[in-house]
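The sequence and the coordinates come first.

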Amino acid sequence: MAQALIEVERKFVPGPDTEDRLQELGGTLEHRVTFCDSYYDTPELSLMRADHWLRQREGSGWELKCPGRPGVSGPHTEYVELIVESAIVAQLCEVLGTEVLGAGGVAAVLGPLKLQEVASFVTKRSAWKLVLSGAEEEEPPLRVDLDTADFGYTVGEVEALVHEEAEIPAALEKIHSLSSMLGVPVQEKAPAKLIVYLQRFRPQDYQHLLEVLSPSEKPQGTKAPDSSLG
């Protein structure tokens with residue numbers, strides 16, 4: 001995991017003029033794309049309860065998001081992304097307390113690890129990149145994804161990828177600066193699509209997750225979810 005990139009991100013609620021504002025700030029629309037994500041976990045949601053998120057994205061393969069630094073606070077999150085299947089399998093076995101399985105890929109260990117699909121939905125995304133004015137030429141751009149899921153939830157994300165923990169504070173400063181330019185309230189917290197999906201369609205699983213979700217991942221107001229929404 002030491003060589004994996006660290007994803008520092010902040011989710012927000014995009015407004016009707018967010019894309020116009022991105023253009024005004026010099027952002028470039030990279031593409032618009034539609035894709036299907038399927039998430040896997042044990043029946044007890046052992047991975048999610050340990051803040052690990054296993055996803056298979058249509059056309060992109062498997063990804064496992066693992067928690068970054070402990071004790072992170074504020075409206076942002078930090079994750080280490082694993083995309084090499086052998087590394088994903090090793091981490092899954094570690095989190096689930098199982099002996100490391102054979103050399104097969106992720107699909108081969110779903111059954112032995114009792115992993116099953118717990119959510120699947122389609123997302124329409126517009127993907128932007130933007131370099132803040134005054135930044136060094138070699139600085140990687142910030143990425144802004146604007147997503148609308150097929151169950152009616154829209155969320156934006158400002159993301160920076162860094163190689164070392166020492167780079168996180170500078171990345172956070174840029175993320176918060178761009179968020180401010182986009183009109184995002186300082187303490188606004190928008191949950192991930194998967195969390196809202198579980199809240200709406202798997203309320204019992206969602207209630208179990210509430211015990212361990214970080215504040216930035218909890219939807220506003222955590223009363224009993226209404227599964228009829230969306």
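## Helix 6 and the overall fold

In helix 6, the buried residues are K193, L194, I195, V196, Y197, L198, Q199 and R200. That is 8 of the 9 residues of the helix, which runs over residues 193-201 and is mostly covered. The model is a predicted one. The protein has 7 helices and 8 strands. Of its 230 residues, 45% are buried. Taking contacts in the protein between residues at least 6 apart in sequence, 66% join residues at least 24 apart.

## The annotated binding site

Which residues does the UniProt annotation "binding site" cover? The record, an unreviewed entry, lists E7, E9, D145, E157 and E159 under that name. These positions span 153 residues in sequence, but no two of their C-alpha atoms lie more than 13.5 Å apart, so they gather at one spot. The lining of the largest pocket includes E7, E9, D145, E157 and E159.

Two of the annotated residues can be described further. E9 is placed in strand 1, residues 6-12. Its relative accessibility is 2%, so E9 counts as buried. The side chain of E9 is joined to that of K11 by a polar contact of 2.4 Å.

D145 belongs to strand 7, which covers residues 142-149. With a relative accessible area of 10%, D145 is buried because the cut-off for that class is under 20%. Beyond four places in sequence, D145 touches R125, S126, A127, W128, V155, G156 and E157.

| Residue | Partner | Polar contact between side chains |
|---|---|---|
| E9 | K11 | 2.4 Å |
| S38 | S120 | 3.2 Å |

S38 is located in strand 2, residues 28-41. Is S38 buried or exposed? S38 is buried, at a relative accessible area of 10%. Leaving aside neighbours within four places in sequence, the residues in contact with S38 are L54, R55, Q56, E117, A119 and S120. The residues L54, R55 and Q56 in that list fall within strand 3, residues 53-57.

## Strands 3 and 4

Strand 3 pairs with strand 4 in the antiparallel sense, over 5 bridges. R57 stands opposite G61 of strand 4. The hairpin made by strand 3 and strand 4 has 3 residues between the strands, and G59 takes a positive phi near 85° there. Strand 4 covers residues 61-67; 5 of its 7 residues are buried, so the strand is largely enclosed by the rest of the structure.

## Confidence

Mean pLDDT for the protein is 86, with 84% of the residues at 70 or more.

Methods:
Residues numbered from 1 in each chain as written. Predicted model: local features only at pLDDT ≥ 70, side-chain atom pairs only at ≥ 80, totals over all residues. Heavy atoms only, no water. UniProt positions renumbered as here; feature names shortened; annotations may be inferred. 1 Å grid on protein atoms, 1.4 Å probe; cavity = no way out; pocket = protein on both sides within 12 Å on 5 of 7 lines; lining within 4 Å. Helix = DSSP H or I, 4+ residues; strand = E, 2+ residues; numbered from the N terminus. Buried < 20%, exposed > 50% of the residue type's maximum accessible area, 1.4 Å probe, protein only. Polar contact = N/O pair within 3.5 Å; in protein donor to acceptor, adjacent residues only side chain to side chain. Contact = heavy atoms within 4.5 Å. pLDDT = per-residue confidence, 0-100. Pairing = 2+ DSSP bridges.
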